[in-house]
Structures are given as structure tokens and as C-alpha cells.
Amino acid sequence: MAGIAVSTTINGDNIEYLCQPDETLLDVLRDRLGLTGAKEGCGTGDCGACSIILDNRLVCSCLVLGAEAEGRRIETVEGMAHGDQLHTLQQKFLEHAALQCGICTPGFLIAAKDLLAKNPDPTEEEIRFGLAGNLCRCTGYDKIVRAVQDAAHVMKGA
Amino acid sequence: MNFDPRFSGRKFASVGTRPIRPDGVDKVTGRARYGADFNMAGQLVGRVLRSPHAHAKILKIDTSKAEKLAGVKAVITAKDLPDLTGGDAAMYDILDNCMARTKALYDGHAVAAVAAIDARTARQALKLIEVEYEILPHVTDVDEAMQHHAPLINDTIFTEGLEEKPVKPSNVTKRSQFGHGDVHQGFGHADFIVERSFKTEQTHQGYIEPHACVASVSSDGTAELWVCTQGHFVYRQHCAQLLGMEASKLRVTSSEIGGGFGGKTHVWAEPVALALSRKAGRPVKLVMTRDEVFRASGPTSATSIDVKIGARKDGTITAAEATLRYSAGPYAGSWAEIGAMTAFACYKLDNVKTVGYEVLVNRPKTAAYRAPSAPMAAFAVESAVDELAKELGMDPVDFRIKNAAQEGTRSSYGPVYGPIGIGPTLEAVKNHPHMKAPLKKNQGRGMACGFWFNFGGQTCVDLNIGMDGSVSLAVGTVDVGGSRASLSLVAAEELGIDYAQLKAVVADTSSLGYNDMTDGSRGTFSSSMATISAARNAIKILRERAAQMWDISVDDVVWEQGHAVAKGDKHGNLGKLSLKEIAAESGKTGGPIAGHSELVADGAGVSFATHICDIEVDPETGSTRVIRYTVVQDAGKAVHPTYVEGQYQGGAAQGIGWALNEEYIYGKDGRLQNAGFLDYRIPVCSDLPMIDTQILEIPNPNHPYGVRGVGETSIVPPLAAIANAVSNAAGVRMTHIPMSPPRILAAIEAERGG
Amino acid sequence: MRYIRPLSIEDAVGQLAGSAGTAAILAGGSDLLVRMKGGFVEPDLIVDIKSIAGLSDIRETADGFSIGAAVPCAVLGENAALKKAWPGVVEAAKLIGSKQVQGRCTITGNLCNASPAADSVPALVAAGARAVIAGPSGKRTIAVEAVPTGPGKTSLAKGEIIEAILLDKRSPSSGDAYLRFIPRTEMDIAVVSAGVNLTIDEHGVVTAARVALGAAAPTVLLVEEAAEALIGRKLDEAALERLAKVCAGACRPIDDKRGTIEFRRKVAGVLAKRAATTAYARAGGK
Amino acid sequence: MVEVTLWGALGQLAGGKSKVEVEAKDIRELFRKLAEQYPGFEPWIDRGIAVAIDGTIYRDTWSKKLPEGAEIFLLPRLAGG
């Protein structure tokens, strides 16, 4: 099988890679590009741990082929902070202890970023349904929802 | 070592505050490295071939075709993991579970494994391995497995714990019994008796991170293992024993762990990865798929429990009895035993008897899951207690308060309790606004209590003070939910310095002495005890060094708020010396300053919780919605209250999932039907309300700060609390967990006579 | 295995028709990649149709709407005109998977995956939607219910691709609705579901209706008797009870990991009633 | 001399007794004497037995003293999650 040459943009950087036709974008990010922030919790789109933003759409990178990224724009958790300045969501997740084991955290942060980009002032219910594609087994979601609420509040004021 | 673990009732400066965890930034930026985030040069991809049959003799495994495939570097079967367990039955079971030896005992049981240059080649190689099976009759239901005609899973098992030695083998590996008094007589004094049978289905811990490891065995007999585990020292012991290595030659590093909840306390794939690496001569990375996680790792027992409780008209329980049958998977376990011990632990009982049966079934080997075995027993008992309160016409909280165990009560499992928190949690619940909030149509409120022992165990800590006065804390208990933060607080407290002056890490097995794993709610309890001890040892040295710097007797130096202080009139002119100042001179005063501690943390205080919940039931569909949830639990002392709340909330959420939707569903063919997060339904964000918490602090007398474990108890009450709420909302007693909509609707229809 | 990204429908059809082994069409991939991951399919050719001109568009025409095969469901929800005309179809499409899946999955893919539990299909069937199919021998248009023929099977021939789904221009005083039963609040596959589409006259009497049930038989069921139970009546208690009874009776469900036969029968009726009530209100009925 | 209460399974091995008297000053001596008196206990002790002394459970501390008149309770050694 010949590799497919892909040219894409990841967190603002132009990136080129070769991948196999059956290789998922998640595998490319993790195994070829060393971007291990996105996690594989299920590989079937049921847990959201591999969430990324692809051309302004929140997607599971395990359900995207690496070959599909040609010419597109990808955002991952590694691109959320600016230098040593954490994104408000990252800061709020820390302050509210919205993580215990932390494996789901990159996915939640990306999903929450997408949520707030589309709905800067969500209700609790909108946050809960907006994040329903991300599984967390540690927190019971309480502190995650509070962190997103607080971040939305701060980001609106900014 | 003269460490005094007794509770001292001191005032705290750091403990009880809520700083940001030291591993936080790495976890929100994606930098933290979990099991599958690590790679080694030349690494191969490992994959495991698993039995599609629930029960089958392995007649022949032909790996020759797979071995010939280009890119395949090693293929192993049980032959490559010879039995080195030397008669250790428990270790033999672990070995057999890692790689089936003569029989496949469940759908998903490993039978062979390959290491290849990439995932695609490894997948193809698995398809080329030919396994000849002789399919045997199987049994997956706990009650059916106890029948005389049930297929026998292991014909060398004769039930232990019976009055007379059995003559025939059985799927029941052990009978255990606990209690005191005379239940027969006790029931004779009862005015009301409730007697019911309950069932709970098998669940999985459901950690989001699949098991993952990277193993590298060198030809010189040393090896390295990177792995997500709750206990890297225990994994080292197990792997070393199964592979015939010396423990010190195997260095195990625990990665960040993406959830465990008891499911990462056993080795599964690690010995296989090591064996593959040994054979291939290259590092091997082995990551389970989600399907493998469900089929081959983790699950709890499925149970069948009979409960009988009697009470006098005044609400005094006169006798309580339970028979508990717990599935163990295909290997012996002690799961029903734990259920039998915990079942009635919340109550003061003159006459109590519990009997547990461990039952073999063709399902994965049962593993611990957060207060293992207690939630199912609590579900049965607390449901019956609620029903009895109703029959008596008593408020369920008052009925429980009247019968709650207290200091001096003989527990149902034997010993007499010290100071405990069941009464206070019940009083707090009685006075909680949640109990008085109005309910709408089709809504019901339920409450229930739960108990867990909590454990301590072997623990080491190294505390090293740098020349700049910053402190590194190396601990050996894996941080599953913020313990590096809580242990830093404890060290800061003891040394009298700022939290920010410390950095805590989890040390690998070559850098620290042996530690038991992070289980039994012991992480913060045990390691905080060792941290306090290490800090006190360091303070002793700091005082000596200060004495040197001042050229006075160490007996004249005390440690106060992070400083050496000279006492006595003749030293009145000496200023304080900070930890930093002493550290800066350490090169001249005797070298590096450190405190070490190796101890057995005993005296973990038992833990109690009481939960309240409101559930709405749609009477037309059986659908449920959790409207409100409150957790009240005794923490002894909450070191980092935010993470204590997190433990309460997380346990409650897991219990809610178990109560309402989570279950292993097996087909008639003995195959697991729902090995994925789509149909194994753990709660999603929109399923839950905020989970309110109330932390009670009844100090544990056996810990300097009064700390009790907090991790597990919160999963014990939810099954029962929700069952009581659903029963109240639907008007029919629910006796089968999970209370999935089809079960609720069927119960409602049956009650209607429909 | 080959991955190609044709720019025209003709090229896609040609590649599919000429492929030697198994071929798969990739739009959102939310079914295909799951099946590949599980080892259930290993296509020799993957044809990504997202670069084909027009397939990612929703067009409003004189006759109604044409929804390109590569339009993600999330985009359906962002189209105000479509949402206003066919709220039931849009709410059904919006129920498929999570937000993450919504950004990828398509109603055409949902239809071609041919699961009896597909969320958008009962709503499309109730709406009388049609599929435009391009193939080696030209184009044809068929009713969506004629696409799936059984679990995982479709009537599409080798080389055929659904290009778009057509929805009629909405007649006034019409409404549609879709409801499904899932044990959780999100992320589940329908245990059973119901789509109702109806039109009423100025008196509130139902003049036309289509009722479809999901996860109630090997393919989505269009229940004509259920429509008859509504047509010519106002949506009163008796009509609703009759609807529920007919729907429960029309089900041919199975016992499986997601639900029992009894449960599906009973709840199919309940959902049909509730969906009909919503559709009726959307049509302006009181 | 301390009085030691046994749980069900151990009681059977001790000929149906639920309590036994042992001359022991700490946990180590207790286990040694019990194994001498009741050889059937040995595999159980090897597998691990926890000792509750006045309600506090000890798992691994041989040196723990058994105070005169203390309530001594033997329990199966358990694991948590």
C-alpha cells in the first residue's frame, strides 16, 4: 500500500505527512506527529476523548481518515494555550478541579471551546447536552459543567 | 523509628485548602503522558488473539502461518509463559487469565499474541493463527451456575467452607459466614418481617483509558515496563514472578492513569507484552481496544441476594439475615465474602447472619470495582430496610437513625466500632433541605446508607530538600485523582512551608521502596501518613543542621512554622532560620537533607455515607431522570476538599450508571453483546444533575490529621438510594439492577395487572 | 486499499463501477470507520464524495429542498428554511450521535447504512422524502423507504451513489415530528422510534398523514393503518389511542440488547401518540 | 492470655469454636501459636489474615501488641478498588 501525501494545517502550522488509506486522523496525530493530547478511549466515536476541531466543526478524530485532512484546518488541545498563557477554559478546569484522572480532559476542553464559540452564553442544560459526546468516568461532570460556566462568564466579560 | 500515628487535633494552615494540583497544567495542555502516549525506539505493536467461545478446550494452536508473515517478529501462546507460580493458586489464576493454557474460559480470553512492525501486520497475523477448539457447554448466570446440572467450569474445585468436605466438584468455590447472635430467635421477636430476593447485573469500571503498556526486555535479563496501573510495585512483582525475573531487574514506571477504579489492580496484558518483547528482542507496545477492555478486563460480580429483616413495632431491628451469591468469573475469588461482611455494617444488630457463595461463571475474571462487592449488598439490604420502614409506618431516615451503629457497636462482620460516622451522616441527611424539597408528579425520593472498610498498607515516601530550599516529594502510590496535590499539602503542613515550594512525583519501582497499590481508598490515607513521617524525619535533621549553624545543642532548637527557632534565655539573640537558609548551608553542615519513611499504614478508619436522590419516572415508557442528588459522607479530615467532593461526586455518578443502565448483556451463545460505550451505557453529561456534597469530618483516631479514605464509599449507597426513589416514584418495588426502562415498565405493568 | 477523492459524480460512479473488490463510499464516515475499526469491513476502495461539486449543499428549489449526500447533519440544523419547513426531519437528523458525530454524519449515510434503528429514516419516510440516485446507467429517483431492504442491505446496485435527498415544498398547515426512545439522554441508538407527518384543514381535521416506525422491524415501517387512524379526524384522545394501538400492533420487533418485544410494542405506540401531538401542533392544530 | 474471635471458616477449622484462647503478646506470636494449635490455619495465615484489635484493623503489622483484655478479632484479608 502506498502512503498518501497529505498537506494540512494543525494549530496554525503547515504540516505534511504520509499516511495509509485506512489510517485515522487520530492515529496520524498520535503516532506520526507526536500530538498525543487527543486520546483513544474507544475508537468508535462514543467517548469523545479524541475530539478535535476540523474546519470549525467539532469531530472525533477517530472517525476521520488521515487522508481526509488534505487542505483542511485542524485544532487540537496542544494549540489551545498561547505560549505559557493558558486558555480561559484550561485555567478554569484547573481552578474548579474539573479533572481527576485527566484522560478525558483534552476532549472536553476542545468540545467546550467549540461549544462556547457557537454559544457564548449557554445554560446549564445547553452545556450538558453540548458536552454529552464526551465521557468522563471520574467527576460525575459537576465540576466540568461549573468550569465551563465560569469560563463562559469570564470570556463574555473579556 | 518512633512515628506516632495518633490523631493530635492540631490546627491546620495548608491542609483543608484548595490549591491547583501540581500535575494540572500538563493535563489541560495535553502534555501529560498516559499509558498509550509513550514510545520507545524500535517499538513493535502487540496484539492479542482472543477466544470467541465462552467455554472451550484448546486442542491445538498453529502459529506457523502467522510467524511466516513479513513484519511479524514474535508470536506467543501459553507455552511462552510457562507456569512458574510454584503452587501459588492465585498467581496461577492470573497467569491463566493472561493467556489461556488448556481451556478458554470466557468470550475474550486471550489464547495467543503477536508482535509486528505495525498495527495492520499485527491484525493480519492474528487472522493467520489457527486455533482448534472443542466447544464445551457454558454458564454465565450466577444462579444457574449453582445448579447441580450446570456445566462445570473447573473440576478441581470443591467448595471450601462447608461443614462436610464435598465429594463432588462444584462451581461454588467457597462458602463464608459472618454474624453474631441468634437470628432464628430474633425473628421470633419481630412484629414485621420483610423478605425479598434481589439481582444485580455485572458492570465494568468503565475507565476511559484502555489498558496500555510498553515493555522492553533486554538480553541481559533486565527489563523496563511503562504501564497505566494503580500499583506499579505490585505489577512488578506479578510480572517478575510470571516471567521468572528478579523484581529489581524489572523497572516499572507508572504512567499517568486514565481511570482505574479497581480495574487496574490486576495484570492482564503486561506479562504478555513482556513475553513478546523477550521473544522479539525489541520493545513492544500493547494497547487494548475498547472491545477488549469490556470482553477481557475488569468486571464486577453479578449477584443474586436474599435478604430477611425483622423489627419490632417500635422500630428496633430484631434480626437480619442475608444470603449472597456473587459471580467471580472463571477463577476463585472472595467477592461474596466482602458482600457478606459489608451487608449490614451500618446497623446495630443483636442477631445477624450473612452467608456468601463464590460462584464460577464463564465471564471475565472479576476485578475490584470501587468498594468491591459492597454496592450490591447495600442495594439489597437498604431496599429491604426501606420497605420495612414503610411497613412499620416509620420515616426511613428515623428508622435508620434508630438502628444505626455507633461507637462501641459490634459490627455485623465482627469487631467493635471506634468513633464512626453513620449516625452523623443520617442526622445531616435528616436536616438537609433536600429532604424537605417538594416533589412533582411521577417523582420519587429515595435515600440509603453505605459502608466501606478502607485500607492502609505498605507505603514509602522520600522527601528531598534541595539547596535552594525547594522540596521534592517522591511517593509510591499512583495518583488516580489528585493525591499529588493532597500529599503536597500534607508535606507543606508538616514542614510549615508554602505549598508552592513543593513538587510531588510518583516514583518508579527502582527509585523507591515497595508500595502497595492505590486501592481500598488508601492513597491519601497511607501516603499522607508516610509523608508526615518523612517530614518529621527531615525536620529532625533540619534542627540538627540549625544547631550546627548556631553552634548550640539540638535540644535547644525547635521547628515552628517552617523555621528553626532557638529556645531558652541564652539564645534570645538568635533569629529564626528558615528551611531555605538551612538548606543553603547543607553542603557544609553534613550534605543533602532528606526525610524518608517506610511504614505500614494501619488503622484506616471505616467510612460511612448517606445519599439522597430524586428520580422522575415516565410511567408510559419506564424512562427515568435523575432530578437531584446529594451525598453526605465522613472524610475524617478532608485534606483537599475539592478533590474529596470530586470523589463523592464521581462515586455517586458511577453508582447512578450502575443503578439505571449499565450491564453486561450475554447472548445464549455466551458471547458479550455490548462490548462498547454505545451499548454499555455509562452516564453522559446530560444524564446527571449537579451532585451536591456535604463533607463531615469525624477524625480517624489512627491518623495524625484524622484522615480516612474517601474514594470508595460513595459508590455504595447509590444503587439502593435510586432503587428506593424509583420504587417510590413508580409505586412498585424494584428488585433488579440495573433498573433499565424495560424493567421499570414491565414492573409497572405487572403492578397494574397489565 | 485505495483512497480516492473524485471531483465529479461521474468519476465517482465510474470508479465504483469499475472497482474489482469491495468498495465503500465515504461521506461522514461515522458508520464506515466504526465498521472498519471492528474489522467488519476492509474495503479495497474508499471513495470520498465530499469534494464532488454540489454534494455538500442544501438547495431550496421551487419544488422543495435538495439535500446533498455529503451535507453533515449539523448543517441541516443551521438551515433556517429547512428547519421551519421540516422540523421533524431536522430534529431526527440532529439526534444522530454526539455533537462530534453531527459534524460528520449525513442523512444519506444514515439511510444507506440501512439500520432499522436509524434516526433520520423514519422522519424521512414520514416526510415522503425521495432519493436521487446516480449510477452507471443514469439517474433515477426513488422513495427513501425503497433504499434499505434489510439490516445493512440496500437496493443500490454496484456503482450507484445517492446524490441527494429531496423533500417536498411544504404545504401550509402541515407539521412533522420525530421521537425516539433511548435509555440515556444522548449517545444511544433508538430502542424504538416514531415519525409523524400530517396536514390539517381549517377545522383541524387531519387530511393527510404518514406515520413511520423505527427499530420496530427489519426495515423502517411505514404504517398505513396508522395514517388511516388519523385521517379524517381531529387529533382527539380516541384518535391518539387508536394510533397507539395500531402502531403497537404493526411492530414486528425483536428482543435484543437494547429492548424487549413487549417494550418496543408498547413504547412505539406511546411515541407515535406524542409525535403526532407535536406534529399536529406544528401544523397549527389546537 | 488473649481471647481471639474467629470468623466462620476459621471457626470450622478450630473444631467449630468461634473463640479460642492464645498466649500471645503481639500479632506475630498470635499467628505462630494459632498455626501450632490449629495446623489447618496455616494456608489461611499464608494467604493473609487481618487482625482487628479493639475495632482497628491491622493487616501487616506483626509487631502490633495485643493489650490484655483487648478485643481481638480475626478477619479475612480483603482488597479494595
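This is a predicted model: local features need pLDDT of at least 70, side-chain atom pairs count only at pLDDT 80 or more; totals for chains, interfaces and linings use all residues.
Residues are numbered from 1 along each chain as its sequence is written, and chains are lettered from A and ligands numbered from 1 in the order in which they are written.

Chain C contains 11 helices and 14 strands; helices (H or I, at least four residues) and strands (E, at least two) are DSSP runs, numbered from the N terminus. The radius of gyration of chain C is 19 Å, close to the 19 Å that the globule rule gives for 286 residues, so chain C is as compact as a globular protein of that length. Here the radius of gyration is taken over C-alpha atoms, and the globule rule is 2.2 Å times the number of residues to the power 0.38. The C-alpha trace of chain C spans about 55 × 45 × 35 Å along its principal axes.

Chain C is assigned domain 1 (57-168) and domain 2 (175-282), with bounds that come from an automatic or database domain assignment. Between the C-alpha centres of these two domains of chain C lie 20 Å. In their contact, 24 residues of domain 1 of chain C meet 26 residues of domain 2 of chain C; two residues are in contact if their C-beta atoms, placed from the backbone, lie within 7 Å. On the domain 1 side, the elements that give two or more residues are α5 (87-93), α8 (120-126) and β8 (148-150) of chain C. That side of domain 1 of chain C comprises 16 nonpolar, five polar and three charged residues. In this classification, Ala, Val, Leu, Ile, Met, Phe, Trp, Tyr, Cys and Pro count as nonpolar, Asp, Glu, Lys and Arg as charged, and the others, Gly among them, as polar.

Chain B touches both other chains discussed here. Its contact with chain A takes 41 residues from chain B and 42 residues from chain A. Helices α1 (24-29) and α19 (641-660) of chain B each supply at least two residues of the side that touches chain A, and α19(B) gives the most, with eight residues. By class, this side of chain B has 20 nonpolar, 16 polar and five charged residues.

Helix α15 (residues 483-495) of chain B packs against helix α16 (residues 523-550) of chain B at an angle of about 30 degrees, with their axes 9 Å apart. Axes are lines fitted to C-alpha atoms, for helices over the stretch in contact, and angles run from 0 to 180 degrees between N-to-C directions. The angle makes α15(B) roughly parallel to α16(B); angles under 35 degrees count as roughly parallel, over 145 as roughly antiparallel, 65 to 115 as roughly perpendicular and the rest as oblique.

In chain A, helix α3 (residues 105-118) and helix α5 (residues 142-157) pack at an angle of about 40 degrees, with their axes 11 Å apart. That makes α3(A) oblique to α5(A). The contact is made by F108(A), A112(A) and L116(A) of α3(A) and I144(A), V148(A), A151(A), A152(A) and M155(A) of α5(A). By class, this contact has eight nonpolar, no polar and no charged residues.
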